[in-house]
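Please look at the sequence and the structure first.

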Amino acid sequence: MFTTTRPVRRRLAAATGVLTLLALASGCGSDDQPSSAVGDVAVAHVHGLGINPADDALIVATHNGAFRIAPDAGEARPIGQDRQDTMGFTVAGADHFLGSGHPDAAGRAAGQPALLGLIESTDAGATWTPISLSGEVDFHALAARHEQVYGWDSGTSRFMVSTDGIEWEVRSTVAIFDFAVDPGDADHIIASGPDGLLESFDGGTTWDTIDGPLLVTLSWDESAGLWGVAPDGGTHHLETSGWVSGGTLPGQPQALLATADSLYAAAFDDEERTGIYRSTNDGETWDLYYRDDS
């Protein structure tokens, strides 16, 4: 049910200190933050990036709903009418997305709970349907891999796994920023936390600390390998010899996506603008892929 060919990593607002990181990780942001405007809504607080296999469009999950950027890097167009704060996000297949977070004003008026639990779209984000844990869980990290859904609940720090998106097994309680599932092993997971990197070989039941840089967001692609971004925007890639440093994003990282041919990242620059950046040379340099400067 939840097959996906490309992982999607959730956003974590980053800052230069771990205490600030923890404060931002536990919160969902405020409506007065700077943003890139698109019509009546804005590309702000990017929580996740993903490629839709149906049309290769880049999907940007934000504080103001989801946006679609066509492969030619044209305009970012809002998807559907739901403007929920999509905190957790992952692409589970062609036109098939999973998310979590908080309702918009219209959703609150309609009686939606403050915590959306797991929500699902099977029409490329045009509409969303509650699946499970409504009113109970706020997933800030989601991954659809190996016919399973992996999620981390920000409210309780529970790491949870489901085979159908309805019934969940709580594997552990762990303080993390983000996690990435090994494309070749359903039980092998790397997570980034306030004290460094963690690794699990039993599907998130137990965790061990491992050597590596302090990272705030991760993405693991079958071809590109495991990538991460540090609080200062520095990119890192795991190779057989260990973690190797790459180039630096022009601002604080918000989200990361590794694919077979490119890396994508959202960052908040020094001029208080959210931009989407792309690298085609293994993170050595980053080009602006989209930003609304109007």
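Aspartate 269 and arginine 291 are both buried, and in this predicted model the two side chains form a salt bridge whose closest N and O atoms are 3.4 Å apart. The pair links distant parts of the chain, with aspartate 269 in the loop between strand 24 (263–268) and strand 25 (274–279) and arginine 291 in the segment after strand 26 (287–290), 22 residues apart.

- Aspartate 269 has a relative accessible area of 8% and is buried, whereas arginine 273, with 23%, is partly exposed.

**Other charged side chains**
- The whole structure contains six salt bridges, one of which joins the side chains of aspartate 55 and arginine 68 at 3.0 Å, N to O.
- Aspartate 55 counts as partly exposed at 29% relative accessibility, and arginine 68 likewise counts as partly exposed at 31%.
- Aspartate 221, found in strand 19 (residues 217–221), is buried yet has no salt bridge, and the nearest side chain of opposite charge, that of arginine 145, is 5.2 Å away.
- A polar atom of the aspartate 221 side chain does, however, lie 2.8 Å from the backbone nitrogen of alanine 224.

**The chain as a whole**
- The protein chain has two helices and 26 strands, and buried residues make up 58% of its 294 residues.
- The chain exposes about 11,600 Å², of which carbon and sulfur atoms supply 47%.

Notes: Residues numbered from 1 in each chain as written. Predicted model: local features only at pLDDT ≥ 70, side-chain atom pairs only at ≥ 80, totals over all residues. Heavy atoms only, no water. Helix = DSSP H or I, 4+ residues; strand = E, 2+ residues; numbered from the N terminus. Buried < 20%, exposed > 50% of the residue type's maximum accessible area, 1.4 Å probe, protein only. Areas by Shrake-Rupley, 256 points an atom, 1.4 Å probe, with all protein chains shown as cover. Lys, Arg positive; Asp, Glu negative; His and termini not counted. Salt bridge = Lys/Arg side-chain N within 4 Å of Asp/Glu carboxyl O. Polar contact = N/O pair within 3.5 Å; in protein donor to acceptor, adjacent residues only side chain to side chain.
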